[in-house]
Amino acid sequence: THPQVEVFGPYSGVGGMVAGMVWIDVIDAGGRTAQQIADEEANAFGLSPLRSTVKLVGEDALVLEGMPGQDLIRKVYIVHNGMLYTLNFMPYASDNPTANAQTETLFATVIPSWIWMSSGVPCQAIQ
């Protein structure tokens, strides 16, 4: 297995089974760029998802909207120090407005607050 962090919003919807969430996967990038990895995933599903970029501590990260999963997912890909970090935000564009709002809040919170840590010592705070 590989390291993973998950954050869930409060459950909402029928039977309380839907929540906005983010999970972060970290694996060795195998010498590939975030663009190459994202293209491989999109091509594997035959998709042409909406693409954009965001900054994670000044580094460009690729965003793909509407990737497949249990629900549609907004995926953010970045390679840093040879490791691929994939931030997965779900649900994306679901029919549950509460879960969508939770997902958007998670995205709006996680992306600008991201920092890289090295040797267990936090990087300098972003001003």
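**View 1. How much of the chain is tucked away.** Of the 127 residues in the protein chain, 40% count as buried (under 20% relative accessible area with a 1.4 Å probe, protein chains only; over 50% is exposed, and partly exposed sits in between). This is a predicted model, where local features need pLDDT of at least 70, side-chain atom pairs count only at pLDDT 80 or more, and totals for chains, interfaces and linings use all residues. Residues are numbered from 1 along each chain as its sequence is written, and side-chain values use heavy atoms, with hydrogens and water left out.

**View 2. The fold, end to end.** The protein chain has two helices and eight strands, going β-β-α-β-β-β-β-α-β-β from the N terminus. Both kinds of element are DSSP runs numbered from the N terminus: helices are H or I with at least four residues, strands are E with at least two.

**View 3. The largest nonpolar core.** A nonpolar core here is a set of buried Ala, Val, Leu, Ile, Met, Phe, Trp, Tyr and Cys residues joined through side-chain atoms within 4.5 Å. The largest one has 18 residues, and Val76, Leu87, Phe89, Ile111 and Trp114 have the most contacts inside it. Elements giving it two or more residues include β5 (73-80), β6 (83-90) and α2 (97-113); α2 gives the most, with four. Apart from it lies another core of ten residues, Ala29, Ile37, Ala42 and Met67 among them.

**View 4. Zooming in on Tyr85.** Tyr85 is found in strand β6 and is buried, at 17% relative accessible area. Leaving out residues up to four places away in sequence, Tyr85 touches (heavy atoms within 4.5 Å) several residues, including Asp25, Val76, His80, Trp114 and Trp116.
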